[in-house]
Amino acid sequence: MNKEIIATIRSGIFAGICIGIAGFVYLAEKSIVGAVLFAFGLLTVIGYKLKLYTGTAGFVKKDEVGTLLLILISNIVGCFVVAMIARCSPMPVQETALGILEARLSIGALCGGVLAVGCGLIMTTAVNFARKGNNYPLLFGVPLFIMCGFPHCVADAFYYLTVPTSFWVENWGEILTFYLSIVIGNFVGCNLYRLVVGEKTDN
């Protein structure tokens with residue numbers, strides 16, 4: 001395994017940890033306050049220049065799709081680490097995560113994928129501005145996609161890994177189908193600017 005791949009995995013795992021921590025605070029305070037505090041995770045990702053699926057998908061080239069998948073897997077690993085910590089919390093974070101997951105699944109995979117497009121669009125816009133030194137779209141964009149109920153595939157990975165294992169055992173097929181739909185939806189949303197306008201955002 002070459003150094004570039006190892007660096008991508010390490011960066012992706014740490015990005016997942018940062019988003020997991022942001023998700024943790026949202027589960028502890030599921031309100032507009034928690035949604036605003038969630039922005040800490042994305043600010044950390046931008047500040048450390050970490051590899052996050054939704055922060056990268058809108059800027060990838062055709063030959064980098066494999067790397068994007070590696071980033072997503074690494075993000076999920078990072079979320080898993082924080083999810084195991086969250087399960088030890090005395091706060092009712094598992095119950096809150098379960099409520100989020102049940103609400104997600106209730107709308108079905110198609111609607112979930114459509115809603116995920118909105119999150120992807122917001123994320124690429126926020127990251128593009130942040131790369132130019134303007135964090136306001138990120139600070140407003142994060143609470144925006146959360147309050148709108150737009151699924152974020154990395155944050156949702158943390159929620160899904162936090163719920164009781166028994167729920168996974170009973171619904172694993174439905175969960176994986178829904179998750180795949182929001183991964184695709186996020187990707188489409190992240191690239192919506194390029195698809196519609198035909199111009200690339202800044203690299």
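## Terms and model

A residue is called buried when its relative accessible area is under 20%, exposed when that area is over 50%, and partly exposed in between, with a 1.4 Å probe and protein chains only. The structure is a predicted model, in which local features need pLDDT of at least 70 and side-chain atom pairs count only at pLDDT 80 or more, while totals for chains, interfaces and linings use all residues. Residues are numbered from 1 along each chain as its sequence is written, and side-chain values use heavy atoms, with hydrogens and water left out.

## Aromatic pairs

A pair of aromatic rings is described by the distance of the centres and the angle of the planes. Rings of Phe, Tyr and Trp (its six-membered ring) pair if their centres lie within 6.5 Å, and planes under 30 degrees apart count as stacked, over 60 as edge-to-face and the rest as tilted. Searching the whole structure gives 5 aromatic pairs. In one of them, the ring centres of Phe38 and Phe145 are 6.4 Å apart and the planes stand at 80°, so this pair is edge-to-face. Because Phe38 belongs to helix H2 (residues 32-48) and Phe145 to helix H7 (residues 136-148), the pair ties together parts that are 107 residues apart in sequence; helices here are DSSP runs (H or I, at least four residues), numbered from the N terminus. Phe38 and Phe145 are both buried.

Tyr160 and Tyr179 also form an edge-to-face pair, with 5.9 Å from centre to centre and 75° between the planes. Since Tyr160 lies in helix H8 (residues 153-162) and Tyr179 in helix H9 (residues 165-190), this pair ties together parts that are 19 residues apart in sequence. Tyr160 is buried, with a relative accessible area of 2%, and Tyr179 is buried as well, at 11%. Elsewhere, Tyr26, Phe158 and Tyr159 form one aromatic cluster.

## Charges over rings

A charge sits over a ring if NZ of Lys or CZ of Arg is within 6 Å of the ring centre and within 35 degrees of the ring normal. Arg131 lies over the face of Phe59, at 4.0 Å from the ring centre, and Lys132 lies over the face of Phe129, at 5.8 Å from the ring centre.

## The salt bridge

A salt bridge is a side-chain nitrogen of Lys or Arg within 4 Å of a carboxyl oxygen of Asp or Glu, and a search of the whole structure finds 1. The side chains of Asp156 and Arg104 meet in a salt bridge, at 2.8 Å from N to O. This pair links distant parts of the chain, with Asp156 in helix H8 and Arg104 in helix H5 (residues 93-107), 52 residues apart. Asp156 counts as buried at 1% relative accessibility, and Arg104 is buried with a relative accessible area of 16%.

Key:
Helix = DSSP H or I, 4+ residues; strand = E, 2+ residues; numbered from the N terminus.
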